[in-house]
Amino acid sequence: MFETETLETVIKQSGILGTRSPSASGWYTVKCKVCNDYKPRGGFLFENNAVMYHCFNCGHTAGHTASSQKFSKGMYQVLTAFGVDIPTARKTLFASFGQHPEEETDEERESRLALQPPTPIELPEEFEFLNKSNPDHAQAIMYVESRLVDYGKYGLMVSNKRSGMWHGRIIIPMYDRSNRVIFYQGRSYVGSKDRWESPKKVPKLNVIFGYHNLDDTDRDYIIVCEGLFDAMSVDGIAIVGSEFSPFHHRVLAQSHKKKIIVPQRDHRGYAMALEALDCGYHLSFPDIGQAKDINDAVIQYGRLYTEQQILSKTTASKYEAQLKLGIWCSS
Ligand SMILES: [Zn+2]
């Protein structure tokens with residue numbers, strides 16, 4: 001007898017649930033592969049031929065109904081992460097809809113890439129490390145010192161060219177976990193109208209600045225910053241692009257450190273802060289007067305005070321955070 005395949009059978013046959021039986025509420029608990037969790041905080045629920053997935057660590061949520069003609073972005077990420085054979089799954093589920101099971105759609109490709117680490121790149125040869133004994137670097141060094149950043153620690157660079165888009169800029173290289181360069185940005189120290197420049201042909205997707213701060217064992221918390229100078233002045237990390245990607249959440253979810261975010265004081269900061277709360281990060285509303293960001297606060301009040309404020313004024317309560325965000329993001 002011919003029996004219609006459902007995603008439930010595909011998942012059960014793929015073996016990712018092992019020999020588990022569901023909880024009283026029907027959830028099959030698993031270690032989430034989307035965030036590569038070390039504890040079983042993810043779960044599948046099968047109901048009326050529909051599949052639900054949720055992870056309490058990274059917050060990833062996905063669904064699939066029997067009438068779906070393709071996988072949603074979120075479900076595609078779940079199935080890819082758990083190693084389900086996608087072409088076969090597609091053939092069994094969507095063949096009747098006239099789909100091409102072997103081909104990955106643009107949307108699927110995009111959702112798969114959203115979970116992938118950036119590709120290593122080469123730095124342009126014109127870049128050189130800031131060096132106190134080089135008189136050509138004096139102005140650049142004065143600039144970074146005025147922003148209380150340790151240029152040696154962060155390997156800050158300048159261009160040795162007398163013109164071009166990188167001239168007059170502090171180059172901030174960014175590395176992946178294996179210390180390979182994946183991106184860089186240049187901050188003008190000569191008052192250029194465009195304060196920041198990014199390389200034109202390198203994708204910005206999934207870049208995280210400050211992996212070594214995330215991986216150090218000295219502190220049980222990490223300050224997730226919006227700006228690179230903010231991150232450098234408190235040894236935090238920065239999400240380049242000011243929008244979390246699934247990859248960012250995955251990397252952060254793998255760290256046992258308490259994640260603290262000082263929201264940016266505008267509507268974009270508001271949205272990002274709410275998303276952060278949903279992922280279990282803490283928000284902080286430090287008493288830093290009129291300082292416009294973390295780096296500015298470090299310059300005005302010192303690192304010790306700023307960091308102590310950030311640590312002591314945290315909340316993970318959605319109710320409290322929403323009350324505070326309203327004021328914080330409009331002042
Ligand atoms: Zn997860």
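What follows is a short chat about the structure shown above.

Q: What kind of model is this?
A: This is a predicted model; local features need pLDDT of at least 70, side-chain atom pairs count only at pLDDT 80 or more, and totals for chains, interfaces and linings use all residues. Residues are numbered from 1 along each chain as its sequence is written.

Q: How many helices and strands are in the chain?
A: There are 12 helices and 15 strands. Both are DSSP runs numbered from the N terminus: helices are H or I with at least four residues, strands are E with at least two.

Q: What does the C-alpha trace span?
A: About 85 × 45 × 35 Å along its principal axes.

Q: And what share of the residues is buried?
A: Of the 331 residues, 32% count as buried. Buried means that 20 or more other C-beta atoms lie within 10 Å of the residue's own; exposed means 12 or fewer, and partly exposed is in between, with C-beta atoms placed from the backbone.

Q: Which residues touch the most other members of the largest nonpolar core?
A: Leu156, Phe209 and Val224, in a core of 73 residues. A nonpolar core is a set of buried Ala, Val, Leu, Ile, Met, Phe, Trp, Tyr and Cys residues joined through C-beta atoms within 7 Å.

Q: What is Val224 in contact with, leaving aside neighbours within four places in sequence?
A: Gly236, Ile237, Ile239, Lys259, Ile260, Ile261 and Tyr281. Contact means that the C-beta atoms of two residues, placed from the backbone, lie within 7 Å.

Q: New topic: sheets. What is the order of the open sheet with four strands?
A: The order is β1-β2-β3-β4, with antiparallel pairing. Two strands pair if DSSP finds at least two bridges between them.

Q: Which strands stand at the edges there?
A: β1 (27-30) and β4 (61-64). Each has a single partner strand, so one side of each lacks a neighbour in the sheet. On average, neighbouring strands are turned by 15 degrees against each other, direction ignored.

Q: How many bridges join β3 to β4?
A: Four, with β3 covering residues 50-55. Val51 has His64 in β4 as its bridge partner.

Q: Which helices lie across β3 and β4?
A: Helix α1 (residues 7-14) lies across β2 (42-47), β3 and β4, at about 55 degrees to β3. Helix α2 (residues 73-81) lies across β3 and β4, at about 100 degrees to β4. Axes are lines fitted to C-alpha atoms, for helices over the stretch in contact, and angles run from 0 to 180 degrees between N-to-C directions.

Q: Stay with α2. Which of its residues are buried?
A: Met75, Tyr76, Gln77, Val78, Leu79 and Ala81. The buried residues of α2 pack against β3, β4, α3, α4 and α8 (246-254).

Q: At what angle do α2 and α4 pack?
A: About 60 degrees, with their axes 9 Å apart; α4 is residues 106-113. The two helices are therefore oblique to each other. Under 35 degrees counts as roughly parallel, over 145 as roughly antiparallel, 65 to 115 as roughly perpendicular, and the rest as oblique.

Q: Which residues meet there?
A: Lys73, Tyr76, Gln77 and Thr80 in α2 meet Glu107, Glu108, Ser111 and Arg112 in α4.

Q: What comes just after α2?
A: Gly83, which takes a positive phi of about 80 degrees.

Q: Where is Lys91 found?
A: In helix α3 (residues 86-94). Lys91 is partly exposed, because 15 other C-beta atoms lie within 10 Å.

Q: Now the open sheet of six strands. What is its order?
A: β10-β12-β11-β13-β14-β15, and the pairing is mixed. β10 (208-209) and β15 (314-315) are the edge strands, and each pairs on one side only.

Q: In what sense do β13 and β14 pair?
A: Strands β13 (residues 258-261) and β14 (residues 282-284) pair in the parallel sense, over two bridges. Ile260 has His282 in β14 as its bridge partner.

Q: Last one: what do β7 and β8 form?
A: A hairpin, with five residues between the strands. In the turn, Asn179 has a positive phi of about 65 degrees. Seven bridges join β7 (residues 169-175) to β8 (residues 181-188), and the two run antiparallel.
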